[in-house]
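Visitor: I'm new to this one. Could you take me through it slowly, with a close look at how confident the model is?
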Amino acid sequence: MRLAATAAATPLIGPDGTVYPNHHLYTRVQRERRIEYTLLRGENGPGHAEALITFEDLGTATRVKMAMVLASAEEYEKVRSFGAVELGLQTLGKLARYVGAA
């Protein structure tokens with residue numbers, strides 16, 4: 001399903017409790033297959049990363065893959081330094097709990 005771009009504010013909470021404003025502009029959703037979105041700086045700010053989540057039906061389980069393309073190597077280092085990888089795993093854990101898989 002292609003949808004008109006839809007925005008959502010979903011703050012991230014770092015391991016130390018710091019809240020990071022996080023705005024997404026969802027650009028493509030294919031039910032049970034993929035979600036694509038742009039991460040924005042601020043509510044209507046410029047994009048600084050493109051993200052893709054795919055879901056693969058394995059019969060008794062679902063493989064979920066998350067990928068992100070950042071604007072520069074400097075941007076990558078910045079998000080890595082505040083725990084983006086760990087926050088991504090936290091997001092997958094929340095999803096697993098939501099669907100009853102954890």
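What is the mean pLDDT of the protein chain?

Guide: Start with the source: this is a predicted model, where local features need pLDDT of at least 70, side-chain atom pairs count only at pLDDT 80 or more, and totals for chains, interfaces and linings use all residues. Residues are numbered from 1 along each chain as its sequence is written, and side-chain values use heavy atoms, with hydrogens and water left out.

Now, your question. The mean pLDDT (the predictor's confidence in each residue, from 0 to 100) of the protein chain is 82, and 90% of its residues reach 70 or more. Going element by element, strand β1 (residues 6-9) has the lowest mean, 67, while strand β7 (residues 62-70) has the highest, 91.

Helices (H or I, at least four residues) and strands (E, at least two) are DSSP runs, numbered from the N terminus. Read from that end, the order is β-β-β-β-β-β-β-α-α.

What about the overall form? The C-alpha atoms fill a box of roughly 40 × 35 × 25 Å along the principal axes. The radius of gyration, taken over C-alpha atoms, is compared with a globule rule of 2.2 Å times the number of residues to the power 0.38. For 102 residues, a compact globule would come out near 13 Å, and the chain has 14 Å, which agrees.

Finally, 22% of the 102 residues count as buried, meaning under 20% relative accessible area with a 1.4 Å probe, protein chains only.

Terms used. Buried means under 20% relative accessible area, exposed over 50%, partly exposed in between (1.4 Å probe, protein chains only).
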